[in-house]
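Q: I'd like to learn how to read a model like this one, feature by feature. Can we walk through it together?

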Amino acid sequence: MKILLVEDDTVLADGLTHVLGQSGYAVTGAASGAYAESALLTQSFDLVILDLGLPDMEGCELLRRLRARKNPVPVLVLTARDALNDRIKGLEWGADDYMVKPFDLRELEARIHALIRRRYGGFGDLKVGRLTLDTLNRQVLVDDMPIILSAREYGVLEALLIQAGRVVSKDRIAQRLSAGNEELGDNAIEVYIHRLRKRMEAFGVRIRTVRGLGYLLEKDTDG
């Protein structure tokens with residue numbers, strides 16, 4: 001899952017990036033509203049964590065612009081502003097949740113997971129063939145038993161499972177797995193797809209290449 005962290009406090013941003021990265025999230029940091037807006041215009045994210053006190057614009061203005069473009073990405077406001085009016089304003093502009101600093105990391109992660117799960121319709125119980133996607137523990141189960149995947153393999157398979165039955169482009173997969181300036185090339189994606197395709201066929205799932213468009217994961221009707 002890919003998160004945009006809009007936070008100008010570098011110590012807090014670095015700490016959250018490290019903690020969320022250990023939990024399997026790919027975090028892109030933005031220390032200003034302008035950088036965050038550019039990232040939101042050019043990339044896809046599963047969640048935005050937004051501070052309201054940015055150096056170049058109010059976080060609520062960034063949120064207003066995001067919703068004006070009808071971008072449905074969940075937004076969790078994380079701010080030191082605890083006044084009722086600030087909470088109301090954030091929610092009215094389109095925030096999905098509002099947390100006040102200081103905060104408990106366990107609660108933050110629980111809220112992040114809840115927002116992402118809600119966005120995809122509670123896909124933690126999503127099943128395709130013999131596979132079950134367990135987003136809470138970030139693993140894929142086969143007949144209720146976890147299978148061993150690298151972090152990148154899990155990320156690719158998760159992207160395909162969430163969009164099961166629909167084509168997922170290489171760019172979309174690369175965006176989901178990239179963080180900051182780190183990029184995943186087409187060749188690397190093809191290698192992961194090749195590995196996963198061979199393994200998934202044994203579990204009643206097929207990964208098809210749709211030439212010029214991307215990849216499609218579906219239940220193998222021949223099995």
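Q: Is Asp-144 buried or exposed?
A: Asp-144 is exposed, at a relative accessible area of 60%; the cut-offs are under 20% for buried, over 50% for exposed and partly exposed in between, using a 1.4 Å probe and protein chains only. Before we go on, the ground rules: this is a predicted model, where local features need pLDDT of at least 70, side-chain atom pairs count only at pLDDT 80 or more, and totals for chains, interfaces and linings use all residues. Residues are numbered from 1 along each chain as its sequence is written, and side-chain values use heavy atoms, with hydrogens and water left out.

Q: What should I look for in the backbone of Asp-144?
A: Most residues other than glycine have a negative phi, and most peptide bonds are trans. Asp-144 isn't a glycine, yet its phi is positive, about 70 degrees. You'll find Asp-144 in the loop between β8 (139–142) and β9 (145–146); helices (H or I, at least four residues) and strands (E, at least two) are DSSP runs, numbered from the N terminus.
Lys-70 is another non-glycine residue with a positive phi, near 60 degrees. Lys-70 belongs to the loop between α3 (59–68) and β4 (75–79), and is exposed with a relative accessible area of 73%.

Q: Where is there a cis peptide bond?
A: Go from Lys-101 to Pro-102: that bond is cis, with omega near -5 degrees. Pro-102 lies in the loop between β5 and α5 (105–119).

Q: How do I read the sheet, and in what order do its five strands come?
A: Strands of a sheet pair through backbone hydrogen bonds, either parallel or antiparallel. Here the sheet is open, its order is β2-β1-β3-β4-β5, and the pairing is parallel; a pair needs at least two bridges found by DSSP. At the edges sit β2 (26–30) and β5 (97–100), each pairing on one side only. On average, neighbouring strands are turned by 20 degrees against each other, direction ignored.
For a close-up, take β1 (residues 2–6) and β3 (residues 47–50), joined in the parallel sense by four bridges. Val-6 has Leu-50 as its bridge partner in β3.

Q: Which residues does Asp-97 touch?
A: Not counting residues up to four places away in sequence, Asp-97 touches Val-75, Leu-76, Val-77, Arg-111 and Leu-115, where contact means heavy atoms within 4.5 Å. Asp-97 is part of strand β5 and counts as buried, at 17% relative accessibility.

Q: How do α6 and α8 cross?
A: Two packed helices are described by the angle between their axes and the distance between the axes. The axes of α6 (residues 151–162) and α8 (residues 186–200) come within 10 Å and cross at roughly 70 degrees. That makes α6 roughly perpendicular to α8, a label for angles of 65 to 115 degrees (under 35 is roughly parallel, over 145 roughly antiparallel, the rest oblique).
The α6 side includes Val-156, Leu-157 and Leu-160, which meet α8 residues including Tyr-192, Ile-193 and Leu-196.

Q: Which residues touch the most other members of the largest nonpolar core?
A: In soluble globular proteins, nonpolar side chains tend to be buried together. In this core of 45 residues, those are Ile-112, Val-140, Leu-160, Ile-173 and Met-200; a core is a set of buried Ala, Val, Leu, Ile, Met, Phe, Trp, Tyr and Cys residues joined through side-chain atoms within 4.5 Å. Helix α6 supplies the largest share, seven residues. Another core, of 22 residues, lies apart from it and includes Val-6, Phe-45, Val-75 and Val-77.

Key:
Axes fitted to C-alpha atoms, helices over the stretch in contact; angles between N-to-C directions.
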